Every structure is written in C-alpha cells, then in structure tokens.
Amino acid sequence: MDLIQSYKETDDDDNLMQQHSDSAPNPNPTTTTTSDDHSSPDSSPVRISLPSKSAAPKVDDTMLALSVAGSTRALTKPLDPTQHVVNFNPTYDQLWAPIHGPAHPYAKDGIAQGMRNHKLGFVENAAIEPFVFDEQYNTFYKYGYAADPSASEGNNYIGDLEALKQNDAISVYNIPQHEQKKRKLEKKKEAMETGENEEAEEIDNPASEMWLRKNRKSPWSGKKEGLQGELTEEQKKYAEEYAKKKGEERDGNKDKGEVFADKSTFHGKEERDYQGRSWIAPPKDAKPTNDHCYIPKRLVHTWSGHTKGVSAIRFFPKHGHLILSAGMDTKVKIWDVFNSGKCMRTYMGHSKAVRDISFCNEGSKFLTASYDKNIKYWDTETGQVISTFSTGKIPYVVKLNPDDDKQNILLAGMSDKKIVQWDMNSGQITQEYDQHLGAVNTITFVDNNRRFVTSSDDKSLRVWEFGIPVVIKYISEPHMHSMPSISLHPNTNWLAAQSLDNQILIYSTRERFQLNKKKRFSGHIVAGYACQVNFSPDGRFVMSGDGEGKCWFWDWKSCKVFRTLKCHEGVCIGCEWHPLEQSKVATCGWDGLIKYC
C-alpha cells in the first residue's frame, strides 16, 4: 500500500507540473512546430527539469574560509621552540627551519637566553665527517668560501661567492693536476735560488743540516776490505760467557714456576697404630656389600676445612677409606671416610689455587696441579714432595699412566695447547703432543691404556696413540661445544663427555669413536662450569654436578633423570661415587664444603 501511495503522489506531481506549463504564456511562438514534432512516434519523450535538492546541511562559507586560511598559515609559519605541545603535524621544513622573527627586546642579538648555546648565539648541530670538516675549514681560510652542510639546495656555499666562481668551487684537497705540477716547479725554483746562496756557507758548518746530509754515510755503503779472520782470545771468552748466560736464561724460562716452601701437617692422633700399620693402610674388612648400586637419599657427613672453594675430590683407589680434596685456598687435604671423619693431613706446597689432583694406582702417592704453574708429586703418608715439574705454563689436568709398569710416566694438559709427557724417574720431558688449538682440559686413557682421548677449549676431541704425538682420530663438529670433563664407563666401551651446552654426550671407545646419538643426558645447567661427570661402579647410573649446587642422577639405559639432590650453595663442581659402598656419593662445591651422601 505504501508503494502504491508513493506512485500516486508522483503522478499527481506530474499532472500539476503539466498544468503549470500549459497555463504559462509562450514567449517563443516558433516552438509550436517542435511540439508537433515531439508528438510524432519517432521523437524522444519530453524531458522535464526538476529543481535540485541537497541533503547536505547548510554550512557557513565564511567560517570555512577562515579555518582553511588558519590551517594553511599554521603549516607555513615556523615553530616556536619554546612551546611544549604541537597541535598539528608539522612538516620537515618547519621542524628544521632556522628561528625567524623580530628581535627580542631584552635579549642580546635577538635570541632568547634559553636558546643560546654559544657565546655568539645559537649553533645548530650538523653531522659531518672529520675529513670533510677539515677540508671545508682549510678551504674557507684559503679561498674564503666553504660548503654549508645545513643550507638548502639552492644556496650550498657561504663566504666569497666571486672567489667560488673563479676557482670553480674547488677545495684545498682537489687541486687540478696542472696546478700541482706548477706548484712543484715553483718550489723547486725557489729552493734552487735560495740554496745557491746558502749552500757554500752551510756545507762548511758542521752544525747545519746540509753538512750532515753531505757527510752522512749509509751503513751498507762502501765495500768490505776483506773477510773477518779468527776471533781473538778476548772475543772468544766473551762469546762463551754470552752463550752460557743465554742458555741459563732459556732454561730458567722453561722451568719457571713460583717457588713455595713445601710443608705438611698431620692432624690425626698417631701416624702408625699399635701394630705398626700406617694411617693410610686400608681396613681389611672393607669389601663391596653387593653388586648393585643405589641412589643416595640423605646427607651422611659434611667436611668443612677449606677456606675457599673446593675444585676437585678423589677417593683413595680401590678402597675409598680416604678422600683427597684440592682447594682454591692453595691447600690439599685428605679426610678420613670410615672412622673419625676428620681431616688427617694437610699438604701445603702451592702458592695459588690447586686445579687438579690424581692418585697413583696404590694411593701411596698423588699428583697436584696448580695455577702457580707447578706440578708436584707427593708422598701421601709423609706429606713430602718427591719431585716438582714445570714448563712455565699452567697445568689444567694431570694423569699418571694407569699401567702398573708405567707409573713413572706423567701426562699433563697445559694452557699452551700442549700435552707434556714426563719421565718422573729422570725428570725429563720425553714427549710433547702438540695438535690442539686451545688449552687442554682432560686426559682419559682408553683401549687398555694404549690410547688416550683429550678435550680442549678448541671444542674438539683428539685421540692419540700413547707415546706417538700424532692424532689418530680428530672429532670436531660445528654443533660441538667445549667438553671440560670426560669420564670412562666401567665397561670401558663408552665415554661420557660433559658438554657446555647443558648435556652429557656419549662416545664409543671402539675404533671409530662415534657419537651415540641415542644416549644423551640433559636437564642440568652447566654452561660456563667444568662440572665433573661420573658413573656408578656398576655402570647403571650417570651423575653430574651443576651450576646451581645440585647433583643429578640419570638412568644409563633409559637416559631419564632418576633423582636430583640439592648439595651445595653455589656450584657443585665435583662428584665421586664410592668404589666399595654402592649407595655413597661424595660431592664438592665452590662453597668450600665436601658432602658425603
């Protein structure tokens, strides 16, 4: 109905318009013929012009014009540097335009006091290279013009514009070639003219440069009069003394290490018991209780005697009734495990922190390596130093050959990328293994002690034949990190390497030394710390300290985390499984404590 109503209204409007047009007088009588033409069927229909209607609201034109003019004025006028708020988006030219306007009545040079950053007014910063600045500075003082870095494109130069046109805008550093040649000739002429007058006088004067130039002789000038004959007795004597002195200096540099008085203190009741047995003798009833190892659950004992952190611990070989500790307080201590639990002896022979310790097979002697560049071989029972070795470099790891008939052979990984081999009986260096590109961190004997594996800060593993300084296997991959601790599995078929990307990698000790990709132990945080990795005596568990003071235990077969124990405040740097008591573990940390769980 609404649609019909709207059609009806439009028809009524059309009729009204038609009547209005009929009643209006016709000003042009000639148009009657055209109306007849429109009535013909071929002509187009009549077009009626309707008055225009606008749905837009009425707008005051004067206000519009004023607002447009205000906005254009705001876009062209410079910004006031003292205002804190800008209500429109200024253009780049406005932001970087120089300050214009009338002079300030109370400001010198027309610049407000707050805008002055120089005695002469306001100086704008311009980013310019030192060479370009020197070039323009010297050009200005030479020719009177220079390039302006802050000017607009139309006016890039300041100073004498006439000189600019005459010199074709050259600077002092880009003089034309013909000008350079001309200047050289002019200088040469001047030198010749002035030199002729003064030369005669200056050649005769020994204080003048001319005399020195003329009389100076090259060390290579002239010919040799003849070959040198035999040395005189005095020359021979001097040559021998000089050679002897140089040899002594070379030997001194080679074996230099900080000298420190060796001392040892026994803390026990007596060094020998009523039967005459030494205090280091193992108890006769110490035997393994069973074959299986178990994870410790609670803390048994804590040893606290070091004033600084403990860097390494080692159980007495085969029996474990004593434990040796290397401290950063320069001292090495040995503690009783089975009976009293007290410190038995302190060994003082180093002037700096002790880095590594190693027992011989029987435990009657041990090695210490320190940051004072000395390696010392101690008698465990008496505390005396048997011998001292040094190359003048810091030893990071020391090992004795595990074979019983080669207990006199010492291997040491040094900070100068070498592995040095000593014969301790003679005190001589018998071999040097020099292939690594960084400090050597570990030495591990494999394959019935015929070979040994070394790791280094160069993020590689190298396998050596004992006694032959040639690498037989070189392991280095782009994904590898440094491995500061390596341990041999009890079945001797696998190596566990503590990698600094927070995981323990397993390598085979067979011919190819391949990485076992199926076995990988992770979860702990050791990045940046040389935390020791170790195995249980039966090989069922892998353990390691971490940077947060925890001791981690993994199952060897499943590679899953079995247990974690919070042992230390700070870094848990070392961990050792007791060789006889299957559920006992010792750990050491940088808090100076040794804990027995």
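## The β27–β28 hairpin

Strands β27 and β28 form a hairpin with five residues between them, strands being DSSP runs of E with at least two residues, numbered from the N terminus. Within the turn, C559 has a positive phi of about 65°. The structure described here is a predicted model, in which local features need pLDDT of at least 70 and side-chain atom pairs count only at pLDDT 80 or more, while totals for chains, interfaces and linings use all residues. Residues are numbered from 1 along each chain as its sequence is written, and side-chain values use heavy atoms, with hydrogens and water left out.

## Salt bridges across and along the chain

A search of the whole structure finds 14 salt bridges, a salt bridge being a side-chain nitrogen of Lys or Arg within 4 Å of a carboxyl oxygen of Asp or Glu. One of them joins D356 to R314, with the closest N and O atoms 3.1 Å apart. This pair links distant parts of the chain, since D356 belongs to strand β9 (residues 354–359) and R314 to strand β5 (residues 310–315), 42 residues apart. D356 counts as buried because its relative accessibility is 8%, whereas R314, at 21%, counts as partly exposed. In these terms, buried means under 20% relative accessible area, exposed means over 50%, and partly exposed lies in between (1.4 Å probe, protein chains only).

A salt bridge also connects D458 with R462, where the closest N and O atoms are 3.4 Å apart. Both D458 and R462 are buried. Elsewhere, salt bridges that share partners join D447, R450, R451 and E465 into one network. Within this network, D447 pairs with R451, the closest N and O atoms being 3.7 Å apart. D447 counts as partly exposed at 24% relative accessibility, and R451 counts as buried at 12%.

## Positive phi in two loops

N449 is a residue other than glycine with a positive phi, near 65°. N449 lies in the loop between β17 (440–446) and β18 (451–456). With a relative accessibility of 17%, N449 counts as buried.

K459 also has a positive phi, of about 65°, although K459 is not a glycine. The loop that holds K459 runs between β18 and β19 (461–465). At 43% relative accessibility, K459 counts as partly exposed.

## The surroundings of Y347

Y347 is found in strand β8 (residues 343–348). Its relative accessibility is 0%, so Y347 counts as buried. A polar atom of the Y347 side chain lies 2.5 Å from the backbone oxygen of T380. For a polar contact, the criterion is a pair of N or O atoms within 3.5 Å; within protein, one atom must be able to donate a hydrogen and the other to accept it, and residues adjacent in sequence count only if both atoms are side-chain atoms.

Y347 and D262 are 85 residues apart along the chain, and their C-alpha atoms are separated by 7.9 Å.

Notes
Helix = DSSP H or I, 4+ residues; strand = E, 2+ residues; numbered from the N terminus. Pairing = 2+ DSSP bridges.
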